[in-house]
Amino acid sequence: MANYDVIIIGAGPGGYVCAIRCAQLGLKTAVVEGREALGGTCLNVGCIPSKALLHASHQLHEAQENFPKMGLKGKAPSVDWKQMLAYKSEVIEGNTRGIEFLFKKNKVDWIRGWGSIPEPGQVKVGEDTHSAKHIVIATGSEPAPLEGVAIDEKVVVTSTGALELGKVPKRMVVIGAGVIGLELGSVYARLGADVTVIEYLDTITPGMDGEVQKTLQRILKKQGLKFVLGAAVQKSEATKTRAKVTYRLKKDDSEHEIEADCVLLATGRRPFTDGLGLDKLGVKLTKQGQIEVGRDWQTGVRGIYAIGDAVPGPMLAHKAEDEGMAVAEQIAGRHGHVNYGVIPGVIYTWPEVAAVGETEQTLKAAGRAYRAGKFMFMGNARAKANFAAEGFVKILADKDTDRILGAHIIGPAAGELIHEICVAMEFGAAAQDVALTCHAHPTYSEAVREAALACSDGAIHS
Amino acid sequence: MEPIETDLLVIGAGPGGYVCAIRAGQLGVSTVIVERNRPGGTCLNVGCIPSKALIHVAEQFHIARLQARDGGALGISVSDPRIDLAAAVDWKDGIVSRLNSGVAGLLKKAGVKSIQGEARFIDGKTVMIRSEMGEQRLTARRIVIATGSRPVELPDLPFGGAILSSTQALALTAVPRTLAVVGGGYIGLEIGMAFAKLGAKVTIVEAEARILPQYDTDLTKPVAERLKELGVRVMTGARAGGHAKGRLNVETGGGSERIAAEKVLVTVGRTPGFDGLGLDELSLAMSGPFLRIDEQCRTSMRDVFAIGDVTGEPMLAHRAMAQGEMVAAIAAGRPGGWDKACIPAICFTDPEIVTAGLDPEAARAAGHAVRTASFPFRANGRAMTLGAETGFVRVVAREDNHLILGLQAVGAGMAELAAAFSALIEMGARLEDVAETIHAHPTQGEALQEAALAALGHPLHI
Ligand SMILES: Cc1cc2nc3c(=O)[nH]c(=O)nc-3n(C[C@H](O)[C@H](O)[C@H](O)COP(=O)(O)OP(=O)(O)OC[C@H]3O[C@@H](n4cnc5c(N)ncnc54)[C@H](O)[C@@H]3O)c2cc1C
Ligand SMILES: Cc1cc2nc3c(=O)[nH]c(=O)nc-3n(C[C@H](O)[C@H](O)[C@H](O)COP(=O)(O)OP(=O)(O)OC[C@H]3O[C@@H](n4cnc5c(N)ncnc54)[C@H](O)[C@@H]3O)c2cc1C
């Protein structure tokens, strides 16, 4: 039992960043986390392990596809799945240990166990009740269930189970063509699985730029992923080793079945607030179960804040982190701020996809006049030298002022390239500002500059 | 042959010249470009692109060899691969020839007339073009000298036979058993490291006290360590003498040594390519061995411009291109002047080094009170998933108002961070601006944000 200035519930990217920042600002801070390790979804069963497997499986793909083309000879490589999983675990451990170290360094207490809020100013963990002037809920999210699909995390799995399958499946069905489904679908397709992705909507990656959606689908298809779009999954029936998924095509209402030895349910995530006792406190939730917060991330109850996947907005680690920072500043009496207009999103397929700001669809819907400057990686020298010439950069700029409103990249290192645009957007820059910035040669980033040029005078290399 | 008249004549179709000509054509200026060799200049034919292609192959080969040797940390088993360098060079030549025809196509599309031949000045408005077809006189209102540079030769080591320039090294069809690289600048190290990865026993002979002398030791240390791991011997404060019977004479402070070197790569700098140009006819003002230019790239003679390597350091393709674009705009009657706040530079060694703006020493020398901070990749999640934890990002800012003066980084894949670095410096960003821009997770770019946070005294992940 102890008194704190701030107690944060949940040690994901939202919670742990908030805690570190609070401590740096001189507040006595504790974090309650029920998991065995710090880092939340992101470090334990999310971003980090998925990216480790994507990296390893990409190396394999590179060796199979491109080695012969560049004069590298040898027997075809094979996969040691146990070792690949061990590599992933090592990466996770390195990361979560890192957070433990940061807590020690910044003097943040880790209260182990699951927390609840019996009343404002108090957090109960097991038998102990701790008091805090401010409570931050950062309990994150969990995979959303789908009616008719029972999860056993062996044959029918969520992303969590998919990150540690006993073996590489021969046939895999992925339900949901969102970021997580496509990333993990890619991993297993590269490792040799026959992967079919079933999506309810008529496009993959809902909400993304339409041209990016089409290009990504075409490229993934070439890599062997199959797509069934506009299909409503009815149910799955599983035995110990196999499962059968039934879906209905929306266009003709016909019913189909598909068998697989692994089914990944990736239809989204929902906020996780179970056991906190929010009902009794009078903390309001939205229809989707997100905690309602004001501009200062405070819930309707004074002194109780919420951030990250548990509140509205994109479910992204860096959004959670930024809110964590801002709330910490707020609590310390400073001005925390999050610019929701400039939050990049990345898909770590090959090639990568990255986006920030408006899409052509949203601009059209808003009736805003814009120019789209596009440049294909085919015209980029480094991309050609590295077997990475698929995809493009598209910059959307205001027709009159040339101010950058959004950008969409599908191509090599898109996740790193997008930051230049984020910086430019934070400054309210025009496409011409990017065009007039000297970009090093030979880099993929030159394609960003060319797309900016294409918003006005026209690109050079196309 | 009939004499030609044109508004703008560009001599040399390297990145400076061809970009200038394309842009001028796009802006409606009647333009002719003369090139005695293949379009694309040093950069596409024997510089940036072929070297990066070789580096890419070498890196992939090296990864595969490590996987074969230690069973593969990533869980990919391969048999010991072999490199067929002749096939790799074919692959590289394929890329180069696609880029050659790409540039030729772009020139055509922009309405530029391309002439293959060697240009020689008659006077400030007239050149004689010599080609297989004979001689042709050309008069132009404005002339742009973009004849680039060529490797410097050492009197004791004239190019030919076992003594290679970078051009010849990039065309080798077998990996030499032993290779001495004379000159430890970026070109020598990039190519030397690639051959070390391909299996050559490499020795670097550098006259200065350390390799990559233009960078500070913090940045070069990771490269030096990597060289050691790759078994590359580095001799500093050493002078190369003659080469005979597979051995190179090297004099160090202590005495002299004959080191094994089947081939010797000489990369001791580049000198402007004025041969055959008839520059004597114009008696232009010089700046050392280079042409003196003003902020509009004008030489001392009216309407004669110079761009690219002929104008001196930094001899980089993207500087040449930016100059070319600017001169094209001026030729089209637009206002313009060189006002780049920075020209980023990338050294494609392993790990890569990126610099933009001022390093700490240069910033202090310029009279600023500075604060600097760096963030190491061993604390970056993306770096861990990529198995690339070497290196750091460093920021240099003014102490009083936190204006960012410079950004440097060393690490894997740093090349693509360069664009955000230059954008920030161009926009006059302060530390707070970077700290408060949301960076996608997990990306290497987060290290930039963390470095800014660290400079402000509160890093999150270290
Ligand atoms: C497979 C996968 C890949 C992903 N890839 C990316 C990516 O590449 N980039 C990206 O930006 N995002 C990615 N995400 C999303 C990202 O993981 C989340 O947006 C992020 O983790 C949200 O952070 P958070 O702090 O809000 O919550 P979480 O990370 O979910 O953390 C919440 C923590 O709170 C704990 N907790 C909950 N209730 C209690 C309680 N009552 N008491 C104590 N502890 C409690 C939980 O155990 C958990 O550790 C991915 C997600 C998945 C599943
Ligand atoms: C191995 C190597 C690696 C490099 N890597 C990089 C890198 O990664 N990034 C980077 O930015 N820079 C790099 N460079 C430097 C880069 O190649 C040069 O800075 C760039 O090519 C300069 O462009 P330019 O247009 O000034 O001249 P050049 O590219 O040298 O082109 C000049 C052209 O003019 C032609 N010419 C010369 N005289 C005449 C004449 N009288 N008549 C007709 N034509 C003529 C030549 O044939 C040539 O094609 C590298 C250089 C080398 C050698």
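A residue is near a molecule or strand if its C-beta atom, placed from the backbone, lies within 6 Å of it. The legends below describe a predicted model, in which local features need pLDDT of at least 70, side-chain atom pairs count only at pLDDT 80 or more, and totals for chains, interfaces and linings use all residues. Residues are numbered from 1 along each chain as its sequence is written, while chains are lettered from A and ligands numbered from 1 in the order in which they are written.

**View 1. The site of ligand 2, shared between chains A and B.** The site counts as shared because the residues that surround ligand 2 come from both chains A and B. The shell holds 38 residues, and the closest are G12(B), G14(B), G41(B), G148(B) and G308(B). The elements of chain B that give two or more residues to this shell are helix 1 (15–26), strand 2 (31–35), helix 2 (41–46), helix 3 (48–69), strand 6 (118–123) and helix 8 (317–331). Helices (H or I, at least four residues) and strands (E, at least two) are DSSP runs, numbered from the N terminus. By residue class, the shell around ligand 2 has 16 nonpolar, 18 polar and 4 charged members. Here Ala, Val, Leu, Ile, Met, Phe, Trp, Tyr, Cys and Pro count as nonpolar, Asp, Glu, Lys and Arg as charged, and the others, Gly among them, as polar.

**View 2. Ligand 1 between chains A and B.** Ligand 1 is surrounded by 37 residues, of which the closest are G10(A), G12(A), G40(A), G140(A) and G308(A). Two or more residues of the shell come from each of helix 1 (13–24), strand 2 (29–33), helix 2 (40–45), helix 3 (47–66) and helix 9 (317–331) of chain A. The shell around ligand 1 divides into 16 nonpolar, 18 polar and 3 charged residues.

**View 3. The interface of chains A and B.** In this interface 79 residues of chain A are in contact with 78 residues of chain B, contact being a distance within 7 Å between C-beta atoms placed from the backbone. The side of chain A that touches chain B has 42 nonpolar, 21 polar and 16 charged residues. Strand 4 (residues 78–79) of chain A and strand 3 (residues 76–77) of chain B run antiparallel and are joined by 2 bridges; two strands pair if DSSP finds at least two bridges between them. S78(A) stands opposite S77(B).

**View 4. Strand 12 of chain B and its parallel neighbours.** Of the 5 residues in strand 12 (residues 201–205) of chain B, 4 are buried. A residue is buried if 20 or more other C-beta atoms lie within 10 Å of its own, exposed if 12 or fewer, and partly exposed in between, with C-beta atoms placed from the backbone. Strand 11 (residues 178–182) of chain B runs parallel to strand 12 of chain B, with 5 bridges between them, and V182(B) stands opposite V205(B). Together with helix 6 (residues 186–197) of chain B, these two strands make a right-handed β-α-β unit. A crossover is right-handed if, with the strands pointing away from the viewer, the path from the first strand over the helix to the second runs clockwise. Strand 12 of chain B also pairs with strand 13 (residues 233–235) of chain B, in the parallel sense over 3 bridges, and T203(B) stands opposite R233(B). The chain passes from strand 12 to strand 13 of chain B through helix 7 (residues 217–229) of chain B in a right-handed β-α-β crossover.

**View 5. F348(B), a buried loop residue.** F348(B) lies in the loop between strand 22 (345–347) and strand 23 (352–357) of chain B. It counts as buried because 26 C-beta neighbours are inside 10 Å. Leaving out residues up to four places away in sequence, F348(B) touches K52(B), I55(B), E190(B) and A415(B).

**View 6. Cis peptide bonds of chain A.** The bond from W350(A) to P351(A) is cis, with omega near -5°; P351(A) is in the loop between strand 20 (345–347) and strand 21 (352–357) of chain A. The bond from H441(A) to P442(A) is also cis, with omega near -10°, and P442(A) is in the loop between helix 13 (431–435) and helix 14 (446–454) of chain A.

**View 7. T205(A), a residue with positive phi.** T205(A) is not a glycine, yet its phi is about 35°. This residue is in the loop between strand 12 (194–198) and helix 7 (210–222) of chain A. T205(A) counts as buried because it has 22 C-beta neighbours inside 10 Å.

Definitions and conventions:
Two residues are in contact if their C-beta atoms, placed from the backbone, lie within 7 Å.
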